[in-house]
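Reader: I have a protein chain open on my screen, and I would like to learn how to read it. Could you walk me through some of its features?

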Amino acid sequence: MDMHTAGEPVRIFDAAGLGVQGATILQKRRDMGDRFDHLRRAMMLEPRGHADMYGAILTPPSDPAYDAAVLFTHNSGYSTMCGHATVALGRFLYDQARVQGRTQTRFTLECPCGPVAIEITPDTDPAAAPVVRFESVESFALTLDDGIDLQGFGQVQFDVGYGGAFYAILPSYRLGLDFHQTPLIQLVEAAGKLVAELRATRSFRHPEEPDLSFLYGAILTDSDRLAPGRLTHNLCWFGEAQIDRSPTGSGVSARLAVAHARGQIAPGDSIPFAGASGQTFEGAVARPTEHGITAAVSGRAYYMARSELILEAQDPFIHGFTLPARFGDFLPA
């Protein structure tokens, strides 16, 4: 099933019969990567996918208390949390329950970062997509006012926030770039350069789980402050140079955690976040926690297609391919 949330694609694949092994969702994530990664590549990469495709692989949950479990995928591997995919899965699970004759509006989704609570609010217009709200795992500010000497940009100051994944967060003006007037490709290149330098020179330690201890991406913003009710913009670079069309649910959670740590927002404050597509998520601090906050993020998802992907044995791209950096990369060694 292909869906999108704020323009960002989600390809949902039910892997219940695939035989992914593991007592925990993180063990299943490793097993999926070790034994079935060719299926991720076939679904995410060209010609069946594209460089910015995103996926959600449903597996049996490790605890019967959870309604479903998911592995998030993209063009270069597996992520630990994804807000836009969670919104899509919330609608998907809600509609599946209705097909089965159940009216269920609350779900617990087992994600690699931990369990995520989802609540569905049907629109008053029965033809409209329902609002999907989720409360993610604990979000927190890892570092505030960190800095790095970035070639071509000088000393650059940034924060690091966690919202199910780690992001470097900074307004684009700190890179000498106007968020609204700079060509998108320049913003993308600057974010990628920052991520590459940070991944090469810094470590990002999750307090409990080594599998979550890595920098997932960077979020460039239009300002360095959040204010209740005031629209703000995210440009999220993640994975290996993917650009999120949505405001990025885990990124919204990370930004809320950083803003809360700075005393800019309080529980209950609601803030609209816009992504590259111009569509918005609503973000809020649901409650403070020991180390940060529980963030609440709301959005709507839409169906696009129900399809059957065909993998012919003689197809040279049976498991997908990515465009080369140089044409010479296609030539035999």
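**Reading a helix, a core and some ring pairs**

Author: Gladly! Let us begin with Val 87, which lies in helix α3. Keep in mind that this is a predicted model.

Reader: Is Val 87 buried or exposed?

Author: A residue counts as buried when its relative accessible area is under 20%. Val 87 has a value of 0%, so Val 87 is buried.

Reader: Which residues does Val 87 touch, leaving out those up to four places away in sequence?

Author: Its contacts are Thr 5, Val 132, Phe 134, Gly 299, Arg 300 and Ala 301.

Reader: How do I read the helix itself?

Author: Here is the general idea: an α-helix has 3.6 residues a turn, so residues three or four places apart point the same way. Now for the case here. With 17 residues at 1.5 Å a residue, α3 should span 24 Å, and its end C-alpha atoms are 24 Å apart, so the two values agree. The helix is mostly covered, with 14 of its 17 residues buried. Just after α3 comes Gly 101, whose phi is positive, at about 85°.

Reader: What should I know about nonpolar side chains?

Author: In soluble globular proteins, they tend to be buried together. In this model the largest nonpolar core has 81 residues, and Phe 72 and Leu 256 have the most contacts inside it. Helix α3 (residues 83-99) gives the largest share of this core, eight residues. Another core, of 14 residues, lies apart from it and includes Val 20, Ile 25, Leu 39 and Leu 71.

Reader: Which residues does Leu 256 touch, again leaving out those up to four places away in sequence?

Author: Among them are Leu 226, Ile 265, Ile 271 and Phe 273.

Reader: Could we try a residue in a strand?

Author: Take Ile 120, in strand β7 (residues 114-121). Its relative accessibility is 3%, so Ile 120 counts as buried. Beyond four places away in sequence, Ile 120 touches residues including Gly 90, Arg 91 and Tyr 94, as well as Pro 130. Ile 120 and Pro 130 are 10 residues apart in sequence, while their C-alpha atoms are 6.5 Å apart in space.

Reader: And how do I read a pair of aromatic rings?

Author: You describe it by the distance of the centres and the angle of the planes. Nine aromatic pairs are counted in this model. In one of them, the rings of Phe 140 and Tyr 162 have centres 5.0 Å apart and planes at 25°, so this pair is stacked. Phe 140 is in strand β9 and Tyr 162 in strand β10, so the pair links distant parts of the chain, 22 residues apart. Both residues, Phe 140 and Tyr 162, are buried.

Reader: How is the pair of Phe 166 and Phe 204 described?

Author: Their ring centres are 6.5 Å apart and their planes are at 40°, so this pair is tilted. Phe 166 lies in strand β11 and Phe 204 in the loop between α4 and β12, so parts 38 residues apart in sequence are tied together. Phe 166 and Phe 204 are both buried.

Reader: Which residues do ring pairs link into a cluster?

Author: They are Tyr 54, Tyr 167, Phe 214, Tyr 216 and Phe 238.

Note on methods:
Residues are numbered from 1 along each chain as its sequence is written. This is a predicted model: local features need pLDDT of at least 70, side-chain atom pairs count only at pLDDT 80 or more; totals for chains, interfaces and linings use all residues. Side-chain values use heavy atoms; hydrogens and water are left out. Rings of Phe, Tyr and Trp (its six-membered ring) pair if their centres lie within 6.5 Å; planes under 30 degrees apart count as stacked, over 60 as edge-to-face and the rest as tilted. Helices (H or I, at least four residues) and strands (E, at least two) are DSSP runs, numbered from the N terminus. Buried means under 20% relative accessible area, exposed over 50%, partly exposed in between (1.4 Å probe, protein chains only). A nonpolar core is a set of buried Ala, Val, Leu, Ile, Met, Phe, Trp, Tyr and Cys residues joined through side-chain atoms within 4.5 Å. Contact means heavy atoms within 4.5 Å. The expected span of a helix is 1.5 Å times one less than its number of residues.
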